[in-house]
Amino acid sequence: MWLTAIDHIQVTSPPEVENAMLFFYSQILGLTEIIKPEAVQANGGAWYVLGDIQIHVGIEKPANNEVSRRHICFRVHNLEAFAKHLQAYKVEIISDRPPSGYNRFFVRDPGGNRIEIAEFI
């Protein structure tokens, strides 16, 4: 097999919501920020890590994410408690009918990127 792992996922944001994006990923989702290589630091955004996978928040104009179904899926241990956490930050929960075996909902980050939150049962 050629592929061995996923190294990182990049999401994009228009420049006008960069601060909201960084707050969302670091404070609301609680991801750990890592230092970007010096060669790309001037591009804005930030890099985060969860386990062995990095999430790169990139800044681009125009970013038209609000209509896309592409998404990252994060697993949680208590979907209901995490939904309440998100709602405390005024994050809109988008209900969905999941396939059997897990419960889920979707949210959109400040840049419009779709995020699935799932609890496997």
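1. Phe24, Tyr25 and Tyr48 form one aromatic cluster in this predicted model, where rings of Phe, Tyr and Trp (its six-membered ring) pair if their centres lie within 6.5 Å, with planes under 30 degrees apart counted as stacked, over 60 as edge-to-face and the rest as tilted. By this rule there are 4 aromatic pairs.

2. Among these is the edge-to-face pair of Phe23 and Tyr89, with 6.0 Å centre to centre and 65 degrees between the planes. Phe23 belongs to helix H1 (residues 18-28) and Tyr89 to the loop between helix H2 (79-88) and strand E6 (94-95), so the pair ties together parts 66 residues apart in sequence; helices (H or I, at least four residues) and strands (E, at least two) are DSSP runs, numbered from the N terminus. Phe23 is partly exposed at 40% relative accessible area, and Tyr89 is partly exposed at 38%, given that buried means under 20%, exposed over 50% and partly exposed in between (1.4 Å probe, protein chains only).

3. Arg75 lies over the face of Phe120 at 4.2 Å from the ring centre, while the charged end of Arg114 is 3.8 Å from the centre of the Phe106 ring.

4. On provenance, the model is predicted, with local features needing pLDDT of at least 70 and side-chain atom pairs counting only at pLDDT 80 or more, whereas totals for chains, interfaces and linings use all residues. Residues are numbered from 1 along each chain as its sequence is written, and side-chain values use heavy atoms, leaving out hydrogens and water.

How values were computed. A charge sits over a ring if NZ of Lys or CZ of Arg is within 6 Å of the ring centre and within 35 degrees of the ring normal.
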